[in-house]
Amino acid sequence: MPGFTTRTIHALHDVSLGAVVPPIYTASTFLQPTEGGEGPFEYQRGSNPTRTDAETTLAALEGARHSFAFATGMAATGAVLGTLSSGDSVIMGLPVYGGNYRWATIELPKRGVTTHFHDDLNGLSDEDFDESTRIVFLETPSNPTLRVTDIRRVVDLAHRHGALVVVDNTFLTPYLQRPLELGADVTVQSATKYPGGHADLLGGVVSTNDDPLAEQVHLAQMVSGGVLSPIDSYRLIQSVKTLGIRLDRQQENTRRVVEFLRGRDEVARVLVPGSYSDAEARIQEGQADGPGALFSFELTPDKDVRAFLGALKVFGFAVSLGGIESLICLPTSMTHGAYSSEDRELAHLTENLLRVAVGIEDVEDLLADLAQALDAA
């Protein structure tokens with residue numbers, strides 16, 4: 001099989017005209033055969049050639065039979081969780097992205113679905129399952145504490161009880177981690193982040209090898225209408241071609257930044273995938289091809305977090321991640337602001353925890369920016 005980046009570049013080509021990039025089909029509707037039946041495309045909400053090209057590319061990267069492109073990451077997650085019915089239940093790891101938490105605490109209860117939160121899915125056991133358990137939903141590494149979950153172990157346990165395993169793979173992307181190859185039933189990811197990579201489009205992806213589930217997800221596209229537009233589909237096709245190159249640079253920058261912060265007295269702790277325990281480090285090494293380009297850290301109690309943030313000149317203070325620019329945020333008041341105080345405590349989220357998404361800038365500029373901001377703190 002060709003390598004990852006080769007697949008991103010050569011997954012598509014216009015054979016009829018020899019074009020090296022696919023065309024953009026913006027049509028909202030398509031002519032149908034008058035003698036009866038349907039053409040390959042009918043109406044853009046149901047399918048569109050450009051979105052199909054994006055989905056074909058993404059499926060090739062995930063190693064999936066089916067990929068579906070949505071207008072946002074949350075639309076993708078909602079399509080999967082929306083397959084649940086009244087009386088069903090979900091086991092969900094904590095912490096998870098604030099949008100996933102909102103779906104679990106706001107939308108699922110409206111549908112009669114119960115969510116059971118666990119702060120360490122590596123400790124999941126048979127006793128945590130019952131007849132209502134339909135999905136185990138996890139992020140690994142977790143957002144924003146970077147806890148690592150053993151996907152294979154969770155899959156074995158969940159499948160024993162007839163439950164599906166859904167992995168939010170936003171932090172690592174299929175370039176670094178391919179949950180379907182580890183036995184997971186579904187992956188979701190925010191294409192807004194690393195696949196898009198330039199902070200200029202919204203998108204989400206659902207990938208699976210489960211044919212009946214794929215039919216349900218496609219139906220969700222039709223019913224909700226939350227599909228990726230042709231223009232954004234094309235931009236995603238083009239952006240994902242540089243995903244590997246960008247992540248290589250971002251990971252190397254992250255390594256240097258983490259090394260720098262660990263040597264500063266103003267920093268109390270740095271969280272990266274595998275830093276929680278030796279066991280999690282071994283899991284991470286066994287199921288991923290790299291640590292990614294996101295980490296979290298805390299300043300010592302005597303330092304002023306707001307002064308630190310205000311002094312930054314290269315790092316932007318904003319939510320999101322995965323773009324070419326470096327960003328930093330305070331999860332408890334930003335990305336995870338919807339958490340109840342009880343769940344915040346269960347997830348071990350502290351008010352001064354800073355989440356850092358490292359970009360592709362010259363690393364010496366990133367280090368200099370952090371140094372002067374730490375001095376200001």
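So, R147 lies over the face of Y276, 3.4 Å from the ring centre. A charge sits over a ring when NZ of Lys or CZ of Arg is within 6 Å of the ring centre and within 35 degrees of the ring normal. Keep in mind that this is a predicted model, where local features need pLDDT of at least 70, side-chain atom pairs count only at pLDDT 80 or more, and totals for chains, interfaces and linings use all residues. Residues are numbered from 1 along each chain as its sequence is written, and side-chain values use heavy atoms, with hydrogens and water left out.

Okay, aromatic pairs. How many does a search of the whole structure find? It finds 6, counting rings of Phe, Tyr and Trp (its six-membered ring) with centres within 6.5 Å; planes under 30 degrees apart are stacked, over 60 edge-to-face, the rest tilted. Take Y101 and F117: their ring centres are 5.5 Å apart and their planes are at 25°, so this pair is stacked. Y101 belongs to helix α4 (residues 98–110) and F117 to strand β3 (residues 114–118), 16 residues apart. Helices (H or I, at least four residues) and strands (E, at least two) are DSSP runs, numbered from the N terminus. Y101, F117 and Y339 form one aromatic cluster. Y101 is also buried, at 3% relative accessibility; buried means under 20% relative accessible area, exposed over 50%, partly exposed in between (1.4 Å probe, protein chains only).

Now the sheet. It's open, with 7 strands in the order β1-β7-β6-β5-β4-β2-β3 and mixed pairing; two strands pair if DSSP finds at least two bridges between them. At the edges, β1 (66–70) and β3 each pair on one side only.
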